[in-house]
Structure formats: structure tokens, C-alpha cells
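Me: I would like to learn how to read the parts of a protein model and the places where they meet. Could you take me through this one step by step?

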Amino acid sequence: MSQAMKTGQAPKIGLVSLGCPKALVDSERIMTTLRAQGYAFSRDYEGADLVLVNTCGFLDSAKQESLEAIGEALSENGRVIVTGCLGVEEELIRKTHPNVLAVSGPHQYEAVVGAVHEHLPPVPNKFVDLVPEQGLKLTPRHYAYLKISEGCNNRCSFCIIPQIRGDLASRPAASVIGEAERLVKGGVKELLVISQDTSAYGLDIKYATSPYKGRQIPARFYDLSKELGELGAWVRLHYVYPYPHVDQVIELMAEGKVLPYLDIPFQHASPKVLKAMRRPANQEKTLDRIRKWREICPDLAIRSNFIVGFPGETEEDFEFLLDWLEEAEIDRAGCFEYEPVTGAPANELEGIVPDEVKRERFERLMEVAQDVSINQLAKKVGLTIEVLVDDVEPQANRAIARSKWDAPDIDGQVIVDNATGIMPGDLMTVTVTDSDEYDLFAEPVTKAN
Ligand code: SF4
């Protein structure tokens, strides 16, 4: 068991990146994915639970350099995963260094991330994980997670993230935009912006500007969203809280620069429960705010998550939540039954809700959420929309795609029939013919690319 697993700290990876700029992009993509899954990075061998060596195999001298780098990582750390161009010569690597944990070739992101999971499992926390557990298995190349900050300044009573990852630490805007641009150049069609609190981006660095292509870009939620929206990919915003400054970003959605989609983990609606949870923006009049957002951007989809059975939650609080969910027309809702997390202040709260009550509330909430989802999706029938294809079933002549209202792994899908000559990663224009609880059904109009 790694040190990280024993202590509940973020597991740490050391990265040695050799070779050309393409290999560097690969390293960055691997880092982005792993960072989004809660891994941290160590600058030295000593502090790492495992070392990843991204190799180059273009020239004999580069091969030699790669083999030496693997040897050094093995002697300094002992736990080494090899990827990159030299990975195609697995036999040579294993003959020279029989103790490497895993070997994969260039651009094999899923294989590398899979090997890391196998040898250094992530520390999961279902209330606050940025990437859903089912999303850990692979990130297809046409979408990528873009982490804009680490840590969090909030102190929600059920959460230990700030204890583990510290206070908010935002990346400079130029670094985020540079990474996003490289991802888009590498074929990524959808950028999923994540952090623990996306709307707080830049607060810690006082919205400092950084130079990007001769311009100074402030580290501010609105400016960053606008810049990302210029890159020609779908931009989806996760983990936003309903602060007033979010209104401006909704305007970017109305202009089509950013997807009309907001993932806001409300967790509850009852003011009393929100206060006990110490949620950010718990004083805001969220229903008014959501109404205003929908006036600005009528096709905005809201995804949210809720916790039922939080200590002190009464039947009245819970019914308040159900009414609110209907009134707010939350398009996509996820729900968890409250469970204490070791070290979280909420464990001291009174009013434990019995397990059977939690279960019953979970089922009631999911029923209401499903009704809302059915109604919201039925409104889309007859529309012509753009979708991004995640998968194809050639035998059935079917494409499994997503609309701008669906994030991968957590939301619904658009099932496109009569889809010939379509590949994962294609954008298509389709007409929606039907809907059910969570998914849309469609026929192609054209394939965009
Ligand atoms: S916003 Fe709250 S739940 Fe999310 S990471 Fe910060 S403290 Fe945890």
C-alpha cells in the first residue's frame, strides 16, 4: 500500500519527460488527466510514490538516454512506469530493466492512466471528486479535463479537501490557455474546465495578469472563459457556484462561446441545511439567479448534485429541497446519501438521520429529478442540434453522442440512428426525434467534420 493510501493524502507522481514537443504534449495530457483525478506531482524522486518516464526512441542516442533515465528512476525511486516512443520496444526495456511496472507506447493515454491506477490507486471521495469514478477508466482523445486551480478556500463541513489539498491555488491564465490550445491542436474537441471552485478562480492571486500572445490576460473566471471560448472547441464549465459575477459568463453562453451548461453542486436548497453544510454562496437567492440566467440564455442546462440525510435535515427541509428542484428545473441531478468522512467537522453535528430515512429520501429525490429530466428533454424533440460523437456501433449503424447539455459520464446521451461513416470525435448535426428519462434520440442531418 502506498504512503498516500495509508494517509489519505493525494498520491504523488514524479514525471520525467524526454524528447520532442509532441512527447511534451503527451506528458501534459497525462498530467492533466491524473491531476483531475486527484493525483499530485512531486519534483523529486524521493517525494514520489511512483515515477512515470515518458521516453523518446527516435535516435539511438535518444533510446540510450531513455534507458538511462529509466535506470535512474528505478534506482532512486524503485517504482517506475514507462511510456512514450521507446515504449514500442517493450522487449528491449524489459530486458534492460526487468523491474519496470508497466510499459506503453506513445499517445496511449488510457494505458498509462490505467497503469497508474493499478499501481497507485487514486484516493476517492465521492462528494467532491471532480471526475466521476466511472470516468476514471479512460478519457477518449476528443475531450479533456482542464484543471484551472488546486485546493479550495471554502470550508464545507462535510469535506476534507482543503485539509488535504490546501487553500485555493490558481494557475496563471496564460498557462491554462496554453494548455487548452495545445489540447485543441492535438484533436481535443471539448474542454471540461474543472477545479474545486471554478467561480473563485484567480481570487488567491488577485486576478493577476499573465502574458499570452502579446496580451495580458487576467486570471478571472470571465476572462478565462472568454479566451477558452475562442479556441474553437466546446468549453464546459464544472463546479461553479451561484455568485453574481457568474451572470457575465452566462452571456458568453448566450453568444455561443461557451456551452450553455453549468455544473453547480448545490448539495441542498434548505437555507438551514446549507448553513450547517457551510456551503459557499448559501446566502444567495439562487432561484432568482437561475431565473435570470435562463432569461439571458434560455437553453441553459443545469447539472447539480445533492446530499440527502445530512445531520439535522428534517422532513420539512427535504420537502423544501424537492419543491426547489422542481421549481429550478434542474436538468440533471445526482444524489448521495450522507456519509461521514473521517476528519470532517460535520461529524460533530447532531441530528443523525437514520439509514432507512436517507434511503427513502434518496429514492424520492431521484423520482422527482427523473420527472424534471423527462420534461426538460421532451422540450428538445424536433430541434436540430450539434452533437459530439463518443462512440459508434457500426453493426447497428448507430452513433452514441452527446449534446451541449450533456457532460461525459455523468449526463445522458444522444443516440443517433442511421449514422454511417461516423467516427468517435466527429461533430454532427442531428434532428431530435424522441426523448426518454435521460437520453435523446436523433437522426443525422449532416456531419460537420
Ligand atoms: S467547495 Fe466545499 S465541498 Fe468543494 S472542495 Fe471546497 S470545501 Fe470541499
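**Domains and how they meet**

Reply: We can begin with the record: an unreviewed UniProt entry lists residues 378–446 as "domain: TRAM", and such positions are given in the numbering used here, with shortened feature names and annotations that may be inferred rather than shown by experiment. This is a predicted model, in which local features need pLDDT of at least 70 and side-chain atom pairs count only at pLDDT 80 or more, while totals for chains, interfaces and linings use all residues. Residues are numbered from 1 along each chain as its sequence is written, and side-chain values use heavy atoms, with hydrogens and water left out.

Me: How much of residues 378–446 is helix and how much is strand?

Reply: Helices (H or I, at least four residues) and strands (E, at least two) are DSSP runs, numbered from the N terminus. The span 378–446 is 1% helix and 49% strand, and its end C-alpha atoms lie 23 Å apart.

Me: Which domains does the domain assignment give?

Reply: Domain bounds come from an automatic or database domain assignment. For this protein chain the assignment gives domain 1 (12–119), domain 2 (143–379) and domain 3 (383–444).

Me: How many residues of domain 2 are in contact with domain 3?

Reply: Contact means heavy atoms within 4.5 Å, and here 21 residues of domain 2 are in contact with 25 residues of domain 3. By class, the domain 2 side has 11 nonpolar, 3 polar and 7 charged residues, where Ala, Val, Leu, Ile, Met, Phe, Trp, Tyr, Cys and Pro count as nonpolar, Asp, Glu, Lys and Arg as charged, and the others, Gly among them, as polar.

Me: What area do domain 2 and domain 3 bury between them?

Reply: Buried area is the accessible area (1.4 Å probe) that two parts lose on being put together, summed over both. Domain 2 and domain 3 bury about 1900 Å² between them, 53% of it on carbon and sulfur atoms. In domain 2, Trp234, Arg332 and Leu377 lose the most area to domain 3, together 31% of what that side buries.

Me: How many salt bridges are there between domain 2 and domain 3?

Reply: A salt bridge is a side-chain nitrogen of Lys or Arg within 4 Å of a carboxyl oxygen of Asp or Glu. There are 4 salt bridges between domain 2 and domain 3. Arg332 also forms a salt bridge with Asp406, with the closest N and O atoms 2.3 Å apart.
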